Amino acid sequence: MKYLLFLLAAASLFEGNASYKCEVDPGTTDARLRKKLFCGKYDKSERPVKNHNSPITVYAHMDLQNFDFNESLQKLFLNVWFALRWKDEYLTWNAMEFDKIEQIVIDSEDIWLPDLMPYSSYFSNNLDTSCTTPKCQLESDGTVKCVPACEYHSICESDFTNWPFDRANCTLRFGMWVEDSNQVNFVVNSTNAGANDVNTHNQWKIVASGVKTHDTKMPSPTNENTTYPTIVYNYVLERHSGSHCASLLAPAFAIISINFISMWLNCERRERLFMLAGSIFIHFTFIENLYWQIPYNGATVPSFLIFFRDSLVLTVLLMASTIMIKHLSLKTVEPPAVVSGFVVVLTANQLGQMIFGQDGSISSEPMPKNGHLNNAPAEDNSGDTVVLVGEDRLDSDAGGSKKSVGNSGAYKMIAHVVDKCLYIGIVVTYTLMVLALIPKYYK
């Protein structure tokens with residue numbers, strides 16, 4: 001068993017030289033250069049710095065090629081070119097000694113590579129070969145440039161408050177797996193995450209991106225907190241979908257228009273109750289449709305769903321108010337003086353007549369000047385000296401009938417004013433609800 005372990009260890013030490021036939025005399029300048037670099041004492045498992053107390057600096061830059069977002073899984077799929085650059089102090093040569101060769105292409109398996117691993121994400125198996133073992137460019141001063149093509153997945157956190165104009169915040173975190181901050185130092189070349197010109201998705205758009213580096217503390221077997229260099233990429237996605245606007249916003253405004261039109265009708269008309277009942281049914285159907293379209297994950301409830309929930313409650317209240325106002329207009333008792341006086345104040349001026357207008361069911365007689373709606377003129381019977389049998393009963397019946405007609409007209413006026421105030425209140429309420437529904441940060 002010990003002999004097998006020794007063979008595996010020896011194979012790992014000479015793995016870097018396996019691709020070069022060191023025992024064969026090179027026939028070209030390129031082969032002679034490679035033999036000089038890799039057939040000596042080069043050890044790819046060792047950090048390529050001559051002073052082992054100093055960290056090696058690795059420059060990193062992510063260039064995003066395309067992306068996709070799985071809404072149900074809350075995953076961001078990224079196809080990137082992950083450019084890495086560092087200086088290998090053991091892989092240098094004088095270009096004049098090798099026919100002015102300034103750079104060569106080498107396999108990444110033959111040199112030291114930073115063991116950069118995704119902490120908060122994982123990569124798929126589609127591009128494993130090109131991502132883990134890319135071709136690299138080696139320059140005469142020891143500069144190594146590798147640009148692997150990788151595909152990464154990241155778990156995202158979505159905010160459905162402004163759905164269907166919602167956003168998703170996705171984070172990719174990379175870091176060293178073995179070598180700590182004292183051995184490797186990462187430097188990013190830009191403050192963005194390489195997503196400046198990548199907005200080709202038909203539904204989602206990257207509206208913000210950023211990158212930063214920091215040290216992450218992790219527990220070690222010796223119970224000491226060791227810090228590891230970490231790179232964090234952040235992407236903010238925003239939904240830009242024309243199909244959602246066509247299938248949701250247009251019917252939404254149509255439903256609101258039905259409520260406005262129904263409340264504009266006279267409260268005594270049956271069509272108003274029929275339209276409100278139909279609006280309630282449409283609200284239920286629309287909310288059920290939203291239920292199947294809204295994602296099930298996420299802790300926030302979309303404002304769009306809350307809007308139609310409140311609109312459904314308002315529609316039910318409008319229907320109940322219509323029935324109450326209709327019964328109010330049919331009352332024949334004398335209204336309280338305070339109520340009738342308040343209605344007279346509202347409708348006596350020009351602004352009140354412009355707002356409340358005149359309804360066909362309201363008497364066209366001029367408004368009384370004494371502030372009461374039942375200002376019926378009193379009859380002068382001072383000259384009557386003879387009263388026939390039964391005449392007093394006829395006069396009293398006629399007076400009662402006139403009084404009932406007057407009270408009915410008064411309540412019609414009160415019901416009309418209340419109905420118009422309710423309409424104004426509904427318009428103001430829906431306006432405030434729509435303004436609250438508009439996203440503040442939408443780009």
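**Entry 1**

I looked up C136 and found it buried, because its relative accessibility is 2%. Buried means under 20% relative accessible area, exposed means over 50%, and partly exposed lies in between (1.4 Å probe, protein chains only). I note that this is a predicted model: local features need pLDDT of at least 70, side-chain atom pairs count only at pLDDT 80 or more, and totals for chains, interfaces and linings use all residues. Residues are numbered from 1 along each chain as its sequence is written, and side-chain values use heavy atoms, with hydrogens and water left out.

Next I checked which residue C136 is joined to. A disulfide joins C136 to C146, with S to S at 1.8 Å. The term covers a pair of cysteine sulfur atoms within 2.5 Å. A disulfide is a covalent bond between the sulfur atoms of two cysteines. I read 110 degrees about the S-S bond of C136 and C146, a right-handed link. This pair links distant parts of the chain: C136 is in strand β6 (residues 135–139) and C146 in strand β7 (residues 143–146), ten residues apart. Strands are DSSP runs of E with at least two residues, helices are runs of H or I with at least four, and both are numbered from the N terminus. C146 is also at 2% relative accessibility, so C146 counts as buried.

**Entry 2: the other disulfide**

How many disulfides does a search of the whole structure find? I got two. C156 and C170 form a disulfide, with their sulfur atoms 1.9 Å apart. Here the pair links strand β8 (residues 149–159), which holds C156, to strand β9, which holds C170, 14 residues apart. The link of C156 and C170 is right-handed, with 110 degrees about the S-S bond. Both cysteines, C156 and C170, are buried.

I also looked up two further cysteines. C267 is buried at 6% relative accessibility. C421 is partly exposed, with a relative accessible area of 38%.

**Entry 3: R167 in β9**

I stayed with strand β9 (residues 167–176), where R167 sits. Is R167 buried or exposed? R167 counts as buried because its relative accessibility is 18%. Its side chain makes a polar contact with the side chain of E238 (2.9 Å). A polar contact is a pair of N or O atoms within 3.5 Å; within protein, one must be able to donate a hydrogen and the other to accept it, and residues adjacent in sequence count only if both atoms are side-chain atoms.

E238 also forms a salt bridge with R167, the closest N and O atoms being 2.9 Å apart. E238 is in strand β12 (residues 225–239) and R167 in strand β9, so the pair links distant parts of the chain, 71 residues apart. A salt bridge is a side-chain nitrogen of Lys or Arg within 4 Å of a carboxyl oxygen of Asp or Glu. Both E238 and R167 are buried.

**Entry 4**

My search of the whole structure gave nine salt bridges. One joins R34 to D30, with the closest N and O atoms 2.6 Å apart. R34 and D30 are four residues apart in helix α2 (residues 29–38), so about one helical turn separates them. R34 is buried at 16% relative accessible area, whereas D30 is partly exposed at 29% relative accessibility.

E271 forms a salt bridge with R269, the closest N and O atoms being 3.6 Å apart. E271 is partly exposed at 38% relative accessibility. R269 is partly exposed too, at 43%. I also noted a network of salt bridges linking E71, D166 and R239.
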